[in-house]
Amino acid sequence: MSLDLSSSSDSDSDGEGGGAKRLRGAGGGGSAGKRARVSAAGAAVDLPPGFLDPLPQAAASAAPAKSATKQFWKAGDYEGKPLGDGAPQSSVSGLDHVRVHPKFLHSNATSHKWALGALAELLDNSLDEVINGATYVNIDMLENNKDKTRMLLVEDDGGGMDPDKMRQCMSLGYSAKSKVASTIGQYGNGFKTSTMRLGADVLVFSRSGGKGGKRPTQSIGMLSYTFLRSTNKEDIVVPMIDYKNEQGWKRKLRTTFADWNTSLQTIITWSPYSTEAELLEQFSSIKEQGTRIIIYNLWEDDEGHLELDFDADIHDIQLRGGNRDEKNIQMAKQFPNSKHFLTYRHSLRSYASILYLRVPSFFQMILRGKEIEHHNIVTDMMLKKEVKYKPVAPNGVPKDANMVADVTIGFVKDAKHHVDVQGFNVYHKNRLIKPFWRVWTAAGSGGRGVIGVLEANFIEPAHDKQDFERTTLLARLEARLVQMQKDYWSGNAHRIGYAGTRAGRYDETEVISLVKICHWLVLGWIRLEEKFEPLMTRCPSPVLLRRGMPNREAE
Ligand SMILES: Nc1ncnc2c1ncn2[C@@H]1O[C@H](COP(=O)(O)OP(=O)(O)OP(=O)(O)O)[C@@H](O)[C@H]1O
Ligand SMILES: [Mg+2]
């Protein structure tokens with residue numbers, strides 16, 4: 001893979017920056033055929049050949065062109081013109097390496113069908129930084145000084161990224177987070193898919209406090225689909241510049257100043273900021289450490305409106321179109337306990353408030369100047385019931401004694417108004433993966449108003465973190481949840497006043513079976529033995545009466 005994360009070589013001899021060695025491309029006379037080895041967050045990581053190649057000198061000179069489309073779903077339609085003779089590049093070692101075309105950035109991002117799902121990935125990255133000292137994530141709208149368009153800001157005061165970690169962040173599939181750790185991130189993909197799903201371009205400013213004797217650093221990196229597309233790049237080139245703190249912020253070179261400067265010029269040409277000073281100004285909101293992500297050239301919908309609606313509510317970021325349902329918005333005012341069900345699809349404030357099962361009390365999520373109040377869906381429930389679910393592996397052996405999901409099931413407090421709310425909220429490692437997952441589709445009102453919450457760590461989220469991998473374990477969980485909802489409904493629906501719920505405690509198949517049993521009893525084909533007793537006591541009286549059977553419940 002040739003993902004070109006350019007800046008310049010580390011001319012320092014103090015060993016800062018993990019000692020990443022610069023690899024030159026085919027024309028660079030370096031060691032592009034070898035894998036580079038960098039260490040970040042204590043973990044050594046192999047980087048592919050060409051990974052740290054400097055940016056081609058010509059890259060910065062091309063002027064920004066108006067992008068062909070501003071709509072995300074159409075933005076994949078472009079043919080990158082071959083550079084040079086178009087032959088695949090081979091490395092100095094003579095081995096061809098797989099190149100990643102910029103279009104991949106787009107196709108990779110299509111995994112996020114829902115823009116708020118993409119935004120959640122950035123919140124995850126900030127919350128994951130709690131272990132490195134993060135106390136807030138701030139989501140806001142900014143204005144691009146160059147063309148007055150709106151931009152999206154996501155900023156936190158977590159550990160930030162040193163130059164090597166920043167290069168990992170911008171590359172595909174490298175995650176410094178361990179899969180077994182309690183972090184939400186695991187695939188090394190979320191930053192790229194989410195930023196590219198929300199806008200064509202992203203700038204990252206990150207400051208790292210400098211641990212283990214290293215000096216503090218700050219880096220600026222740009223992942224710009226507009227730049228790559230407009231300059232017909234065939235590889236993903238990511239200009240990046242670094243600084244280190246040595247009695248003030250000094251340029252930190254990985255190769256030469258010329259390379260460093262080419263990256264700076266490219267960033268200046270293709271970003272909302274026109275000078276190095278303007279870029280550095282962005283660090284003013286970051287203290288010792290933190291990361292500031294600015295997504296610009298936000299995607300538009302078919303009608304030429306920004307997909308993200310900043311106007312509907314000055315303290316929220318909302319979605320237009322299909323995710324927005326005016327009837328639901330009105331109902332949310334009338335039924336406050338169903339508010340999240342009715343609004344999370346279009347409102348970031350609503351979605352973010354239920355996105356995590358637990359948020360540390362010191363960690364604030366601030367959306368456009370107002371804190372997002374964490375909300376536990378369990379507090380919306382009444383007639384609650386706790387059910388333990390222990391997953392069993394396909395071979396029948398319990399998967400892991402610790403793998404238990406505590407399911408809380410109940411009626412939403414608005415259920416007596418027969419509001420059509422239902423579904424299970426399935427969290428994985430604290431993160432909501434499936435909001436209000438409707439597992440049971442019954443004819444009539446069956447299951448209405450029944451909601452649930454569980455944390456299932458024994459199944460794996462899909463890469464967009466909006467669904468789970470379709471495994472047998474998931475299928476079993478789903479079947480169990482269906483049964484749980486049916487049982488809960490048969491036992492409790494009458495308490496909410498669903499008409500005919502004594503009979504309605506059964507779904508259609510159950511009623512048919514009971515009718516058959518009753519019929520056989522009447523015909524004398526079977527005897528009323530003890531094993532039928534439980535069935536008889538649950539048997540819907542109208543059915544029994546029609547069949548001329550005694551109504552045992554009336555007894
Ligand atoms: N806000 C941030 N602060 C510090 N480091 C960050 C931040 N955002 C991203 N990173 C770094 O960039 C890496 C890549 O982020 P990305 O979201 O692409 O992957 P991930 O979080 O590791 O896994 P996943 O794809 O499951 O989200 C992270 O592992 C982390 O090291
Ligand atoms: Mg992530």
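Student: Which helices each supply at least two residues of the shell around ligand 1?

Tutor: This is a predicted model, in which local features need pLDDT of at least 70, side-chain atom pairs count only at pLDDT 80 or more, and totals for chains, interfaces and linings use all residues. Residues are numbered from 1 along each chain as its sequence is written, chains are lettered from A and ligands numbered from 1 in the order in which they are written, and side-chain values use heavy atoms, with hydrogens and water left out. Helices here are DSSP runs (H or I, at least four residues), as strands are (E, at least two), numbered from the N terminus. On that basis, the helices asked for are H2 (115-128), H3 (163-170) and H4 (190-198).

Student: Which helix gives the largest share of the shell around ligand 1?

Tutor: A residue is near a molecule if one of its heavy atoms lies within 4 Å of it, and there are 21 residues around ligand 1, with Ser175, Lys177, Gln186, Asn189 and Lys465 coming nearest. The largest share, three residues, comes from H4.

Student: How many residues of the shell around ligand 1 are charged?

Tutor: Ala, Val, Leu, Ile, Met, Phe, Trp, Tyr, Cys and Pro count as nonpolar, Asp, Glu, Lys and Arg as charged, and the others, Gly among them, as polar. By this division the shell has five nonpolar and nine polar residues, while the charged residues number seven.

Student: What percentage of the accessible area of ligand 1 does the protein cover?

Tutor: Among the polar contacts (pairs of N or O atoms within 3.5 Å), an oxygen atom of ligand 1 is 2.8 Å from a polar backbone atom of tyrosine 187, and an oxygen atom of the ligand is 2.9 Å from a polar backbone atom of glycine 188. Accessible areas come from the Shrake-Rupley method with a 1.4 Å probe. Of the 590 Å² that ligand 1 has on its own, the protein covers 98%.

Student: Is lysine 465 buried or exposed?

Tutor: Lysine 465 has a positive phi of about 55° although it is not a glycine, and its place is in the loop between strand S19 (450-455) and helix H11 (472-496). Buried means under 20% relative accessible area, exposed over 50%, and partly exposed in between (1.4 Å probe, protein chains only). Because its relative accessibility is 4%, lysine 465 counts as buried.

Student: How many residues of H3 are buried?

Tutor: The buried residues of H3 include Pro163, Asp164 and Lys165. This helix is mostly covered, and its count of buried residues is eight of eight.

Terms used: A polar contact is a pair of N or O atoms within 3.5 Å; within protein, one must be able to donate a hydrogen and the other to accept it, and residues adjacent in sequence count only if both atoms are side-chain atoms.
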